Amino acid sequence: MARERSLLDKFFLFIKGLSMGAANKVPGVSGGTVSFVLGFYEEMIYSFKKINYKALLLLINGRFKSFYYYTNATFLLLVFGGSMFSYFSVSLVLDYLLQRYELYVWSSFFGMILGSIYYISKDFNNWKTRNIVAMIIGISLGVAISFMNPAKENDNLWFVFACGIIGVSGMTLPGLSGSFILILLGNYVLLLVDSVNMLFKTITEIFTGDFSFMDNDERIRYLKIIASFTGGSAFGLVFTSHILGYVLKRWHQIVTAVIIGFIAGSLGIVWPWKKVVYKVVDGNVLFDANGNEVIENYTRYFPDFTNKETWIAILFVIIGAGIILLIDKYGSVRKEYIDE
C-alpha cells in the first residue's frame, strides 16, 4: 500500500499536515476540507483503514517492516506529525490573528471554503437523482449543525471520550468542524485550551526534572481528561475511517455529493460577520486558564456596506477563494486513491 516518496514529497506532506492541524483548531474550519482540497483525503482514510486486525498481528509477530509498509506509516507520521507541530506553532499565529483581525481572518476562511466548493464540485458530473438528494441531505445537515445551541461543559471521562470520537470527525468528514462540534458539546475550552495548556506545562516540567505535578489533584484531573480525549480521538479516527473507506469504495459519487452539500451547508459557521457570545456564569463572563473569555457561540448579522471594513473583508473573501483557484490551476494534486 505504501508508495515511494521523494524528499520533496515528504516535505509537502508535512506542510499539508501543518495546514490541516491549524484548520482543525479553528472553530468553523474543517481539517477534512483541507485534506480533500490538498489531495490526500482518500489516502488518509484508507491508511487509517489499514490499522486493523492484520496490522495488529504483524506488530505482535515482530514484523515491524511489514507493519510499517502495510499501514502506510510514512504518510501517517508526516501528516499527523505536521498536525501536532502545527498546534504549537501555526495555530498560535492563527490565534493571534483571530484576536486582532477576526473579521478579516473569517473572511479569508469563508472565501477559501467557497473556492473549495467549486474545487470539489467542478469535476462532479454525475447529477443523478440520488446524488442530488444526497447533496440536499448534506446541505440540510450542515445548516442544522451551524444553528444548534451549545451544551454545558461536562468533564465526565466517558463523555470526554465520546467528545474525542465526535470531535475528531472534523479530520475525516470534510465540512464538519471538530472544534465547532466541541463548542456545541460545551467542551471546547476544557479539551482544546485548558487541558492542552496543562499538558504542555506538565511536559515542560518533566523535561526540567520537576515531578511536583503528581501531587496536584487539579493537574491530574486535567491529564486524565486529555488522556480520555486522546483515546477517544484515536478510536474515532480508526473507526470512522473504516466506515468511510467502505462507503467511498462502494458509493463514491454519493459520498462526494454529500460532502459538497455538507461543506456548502456549513458556510454559516464561518460567516465572517458575526458577534461572539461569551459564556456567562452567575452574571459574569467565564474565563479559561489563560485569562481569555470563554466563547459559547456566535450570532450572525448582515454586513454594513457603508462601512470600509466590510469592503476590506470582501476583498479577503476574494483573496481566500483566489488561493484555492490558484491551487486548482497550478498545484492541483487531488487524485483518487486506490486501496490495495
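# Notebook: salt bridges, cores and surface

I began with the side chains of Arg221 and Asp155, which meet in a salt bridge at 3.0 Å from N to O. I then looked up where the partners sit: Arg221 belongs to helix H14 (residues 217-250), while Asp155 is in the loop between helix H9 (129-146) and helix H10 (157-167), so the pair ties together parts that are 66 residues apart in sequence. I note here that the model is a predicted one.

The structure holds two salt bridges, and I turned to the pair formed by the side chains of Glu205 and Arg219, at 3.1 Å from N to O. Glu205 lies in helix H13 (residues 188-207) and Arg219 in helix H14, so this pair ties together parts that are 14 residues apart in sequence. Glu205 counts as buried because its relative accessibility is 14%, under the cut-off of 20%, and Arg219, at 6%, counts as buried too.

I then looked up the whole chain. I found 16 helices and four strands, and buried residues make up 48% of the 340 residues. Among contacts between residues at least 6 apart in sequence, 79% join residues at least 24 apart. The chain exposes about 17,600 Å², and carbon and sulfur atoms supply 66% of that area.

My next entry is about the interior. In soluble globular proteins, nonpolar side chains tend to be buried together. The largest nonpolar core here has 45 residues, and those that touch the most other members are Met20, Phe40, Tyr41, Met44, Phe75, Val79 and Phe80. Helix H8 gives the most to this core, with eight residues. A second, separate core has 24 residues, including Phe180, Leu192, Ile225 and Phe229.

Last, I went to the surface, where Leu8, Phe11, Phe12 and Ile15 form a nonpolar patch with about 380 Å² of accessible area together. Phe11 is found in helix H1 (residues 7-25), and at 46% relative accessibility Phe11 counts as partly exposed.

Definitions and conventions
Residues numbered from 1 in each chain as written. Predicted model: local features only at pLDDT ≥ 70, side-chain atom pairs only at ≥ 80, totals over all residues. Heavy atoms only, no water. Core = buried A, V, L, I, M, F, W, Y, C linked by side-chain atoms within 4.5 Å. Buried < 20%, exposed > 50% of the residue type's maximum accessible area, 1.4 Å probe, protein only. Helix = DSSP H or I, 4+ residues; strand = E, 2+ residues; numbered from the N terminus. Contact = heavy atoms within 4.5 Å. Areas by Shrake-Rupley, 256 points an atom, 1.4 Å probe, with all protein chains shown as cover. Patch = residues over 30% accessible without salt bridge, like charges linked within 9 Å, V, L, I, M, F, W, Y side chains within 5 Å. Salt bridge = Lys/Arg side-chain N within 4 Å of Asp/Glu carboxyl O.
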